[in-house]
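Student: Please take a close look at one part of this model. I would like the helix packing and the aromatic residues around it, in one connected answer.

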Amino acid sequence: MAATIVHDTSEAVELFPPQGLYLKPIAKLTISVSLPQLKQPGKSISNWEVMERLKCMVHPEQFATLRVSKSTMDFVRFEGEVENKNMVKTFLSKLDGKTIKLSGFTDTLKVRAAEVKIDFPTRHDWDSFFRDAKDVNETLPGERPDTIHLEGLPCKWFSLKNSSSEKPSDLILSKVFGTFGEIRNVDIPMLDPYREEMTGKNFHTFSFGGHLNFEAYVQYQEYIGFVKAMDALRGMKLMYKGDDVKAVACSIKVTFDTTKHLTDASIKRRQQERQKLQELELRREEQKRREKEDEERRKEDERKQKELEEQEREKKREEKVRKREQKQKEREDRRNTRKLQREEQKRLQEKIALEERKLILVQRNLESIRLISELLSRAKWLPRLTEAREAEAARRHQVEEKRRQQEAELLRVEEEKHRVVELQLKEKELREKLLENLRRKEASEGQREEPGAQPTEQGTVGTPGRKKYRTYTHSRSCKSAVKNTHEMCCKLRSP
């Protein structure tokens, strides 16, 4: 039920001013516009155009709301609402029996208007209902006309002030409707979290304005309170005036309870059902808790298993890294050792090179000193040095000349030696021949002479004696030649 802004609050009746709640009379009209027969195909009448013509007919007055409630080929029915109840007759005089001329149509549209009869239960309705009902006992609360059923109440209007929640309060509801009489009991199904599950009905409804509405049951202690409330709410809208003085009104549905909702048995039954649902919810929560614990335990086990696996993998990784680091450290140690060895060797080589360099420098210094001394000595004894060089050159010339002479003598000695050797060979061959001839001659003479005869020694001895003398002479001359050759060689070898 849509909430509308109220500009004129002169007809408002106080309901509960501390909460800003008032009652405002409902002023509604029903307007029917008869439509002509459409002779041309494809041509139609705009409901919006008809609505605008109706608004022009009541000018300078204005409708609070105007909407199409039914549309057919023969008529269009509108439902309009005006600000105040006393303006209904004015609107009826301007609309009822009048005609509308639409552009493009030759026929006129006849308008009929009447005040809407409010559908609200009367005293006869509830008296006859409870009188004819067979399963009620009018002596018991809830089974007699004492309970009002309200629908379409805005939650925000019945919520506690200065509260962030917009849920309705049963205390505020009791105070508001307690102005008509003493309240025995109230019930807001929306506040019961188990009610929807018990009844299968959704108690959260929205109006066209976007406000959350609720339904409620109000039970009075006395019948007179119920009658006063019904009479006060008949033909009324609920109006809310805020702190900013702006007023908003909405229509609510009010009926008497026919379901024995607030009887003791119904209340007890709902409590038992609520208790069962609470126990069921507790069991469900316990089941959910156990399932959650099982799930958490399973997740914890999985997490521990994963942690163990992760720790195992981490250990393997650490072992692998440790081995790799150990190998790398060993390689680094070997590399450092080789580097130290190379550095030590390099330092040793550098030290040796430095010592050698020092030695070379010392030697160069000594050589420099010697050279300087020599140069000074030569500069001092230069004339004598020149004479010595000349004498040395003469001496070397003499030695060279003597060497050439010795080489010539050696060559001559060699030639003589070859000649002597050839002579010795020839002498050896001749001696062998002579000895052979002598043996042959002695052999032939021995055969002619008698045994014991002495041979003549003149010729025999003389010839050998000469040969021996010549051989000796040749040997001595050879020895002399060899001796001379040896002396010459010694002289040549000597410096």
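**Cysteines, then helix packing and aromatics**

Tutor: The count of disulfides in this predicted model is 0. C56 has 56% relative accessibility, over the 50% mark, so C56 counts as exposed. C250 has a relative accessible area of 3%, under the 20% mark, so C250 is buried.

Now the helix pair. Helix 3 spans residues 123-132, and helix 6 spans residues 223-233. Their axes come within 11 Å. They cross at roughly 140 degrees. Roughly antiparallel needs an angle over 145 degrees, so helix 3 and helix 6 count as oblique to each other. Helix 3 brings R123, W126 and D127 to the contact. Helix 6 meets them with Y223, F226, V227, M230 and D231. By class, that contact has 5 nonpolar and 3 charged residues, and no polar ones.

W126, Y223 and F226 are among the members of one aromatic cluster.

Across the whole structure, a search finds 9 aromatic pairs. One of them joins F158 and F214. The ring centres are 5.7 Å apart, with 80 degrees between the planes. That makes the pair edge-to-face. F158 sits in the loop between strand 9 (147-154) and helix 4 (170-177). F214 sits in strand 12 (residues 212-220). The pair therefore ties together parts 56 residues apart in sequence. Both F158 and F214 are buried.

Methods: Residues are numbered from 1 along each chain as its sequence is written. This is a predicted model: local features need pLDDT of at least 70, side-chain atom pairs count only at pLDDT 80 or more; totals for chains, interfaces and linings use all residues. Side-chain values use heavy atoms; hydrogens and water are left out. A disulfide is a pair of cysteine sulfur atoms within 2.5 Å. Buried means under 20% relative accessible area, exposed over 50%, partly exposed in between (1.4 Å probe, protein chains only). Axes are lines fitted to C-alpha atoms, for helices over the stretch in contact, and angles run from 0 to 180 degrees between N-to-C directions. Helices (H or I, at least four residues) and strands (E, at least two) are DSSP runs, numbered from the N terminus. Angles under 35 degrees count as roughly parallel, over 145 as roughly antiparallel, 65 to 115 as roughly perpendicular and the rest as oblique. Contact means heavy atoms within 4.5 Å. Ala, Val, Leu, Ile, Met, Phe, Trp, Tyr, Cys and Pro count as nonpolar, Asp, Glu, Lys and Arg as charged, and the others, Gly among them, as polar. Rings of Phe, Tyr and Trp (its six-membered ring) pair if their centres lie within 6.5 Å; planes under 30 degrees apart count as stacked, over 60 as edge-to-face and the rest as tilted.
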